[in-house]
Amino acid sequence: MQMRLLLSICSLSILGSQTTDPNKSGFPHDMIWFNEPKTLEPGVEHKGYHSASMNKQVGYNIYLPPGYEAGSQRYPVVYWLHGRNNTEISNFYPVRYLAGGIAAGKLPPMIVVYASGGSQTNYCDSYDGKYLAETTVITELIPYIDKNYRTIATRGERALQGMSMGGFGAMRLALKYPDLFSSVVAFAGGYRWPEDMNVNPHPSYAEMFNNDKEIFRTHHPETWARRNAARVRGKLAIQIYVGTEDPGLAGNRHMHALLDELEIPHGYREFEGIAHNLNLLAAKVTTENFEIAVRSFGKH
């Protein structure tokens, strides 16, 4: 009897260890930056690179267009940033919309890179240097992709898009580094604001920003929109998508109003009845986000 009880307890322990995802279990924990996929969509591969800044392997998914392997053509690149509690193998824009658009002649062939930004980073570098999402995306991933794949390695042929935390991250990185990207599309950006930090702060804000609103402010898209308004205005294509039932709707409207205040041209669309759900947003947008990127490709 005692032996059966011990085996039952061990079985439950093993099951728990197999089903608990450290990327979703909250702090304190060390985020997993390289995540093996169980399945991949057609045309998508999972790879990795060594991050010298964090001294660890970081994963990415990459979509290579039809004919890539047999040809010599170079391609523009869209970088996709996942949301909170997700990784490079989850929460990414469905490849089928792009593949269908290319097959129909509606879109030109392009590469899409699904980055790993850490599950809780907001695509920032943490105040203590432990988590370096911004550094690895900007100074390691992009140069690595340009070196190892046939990209057109210019600002005019590089776009940035993302969902939720990735929408926040895409907006802040595009506004901070307008010399690197020609367009940005933010889906349901998770725009928390420094003034709201003391109201139900997310646990990650202690890890990333020491729960200090002024540290957070230095990273915030608003800070970079105000600082780089002249460099961005009319030079960076910007689009925001959000559902009317999204808990972050007010934050997205705030970002929209800020860009209006700064006279930074941008697109803004709300979808009736949709909550915080990438698949439902994607079903409405289909290829429009890629069309926005294409209109900027080669323009600069």
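Predicted model: local features only at pLDDT ≥ 70, side-chain atom pairs only at ≥ 80, totals over all residues.
The strands form an open sheet of eight, in the order β1-β2-β4-β3-β5-β6-β7-β8, and the pairing is mixed. The edges are taken by β1 (44-51) and β8 (267-271); each has a single partner strand, so one side of each has no neighbour in the sheet. On average, neighbouring strands are turned by 20° against each other, direction ignored.

One pair can be followed residue by residue. Strand β6, residues 183-187, pairs with strand β7, residues 237-243, in the parallel sense, and five bridges join them. Within this pairing, S183 has A237 of β7 as its bridge partner.

Helices pack on this sheet. Helix α2 (residues 95-103) touches β1, β2 (56-63) and β4 (111-114), and its direction makes about 40° with that of β2. Helix α4 (residues 165-176) lies across β3 (77-81), β5 (158-163), β6 and β7, and runs at about 150° to β5.

Helix α4 also packs against another helix, α3 (residues 133-148); the angle between α3 and α4 is about 55°, and their axes are 12 Å apart. On the α3 side the contact is made by E134, V137 and I138, and on the α4 side by R172, L173 and K176. Of the residues in this contact, three are nonpolar and three are charged, with no polar ones.

Conventions:
Residues numbered from 1 in each chain as written. Heavy atoms only, no water. Pairing = 2+ DSSP bridges. Helix = DSSP H or I, 4+ residues; strand = E, 2+ residues; numbered from the N terminus. Axes fitted to C-alpha atoms, helices over the stretch in contact; angles between N-to-C directions. Contact = heavy atoms within 4.5 Å. Nonpolar A, V, L, I, M, F, W, Y, C, P; charged D, E, K, R; others polar.
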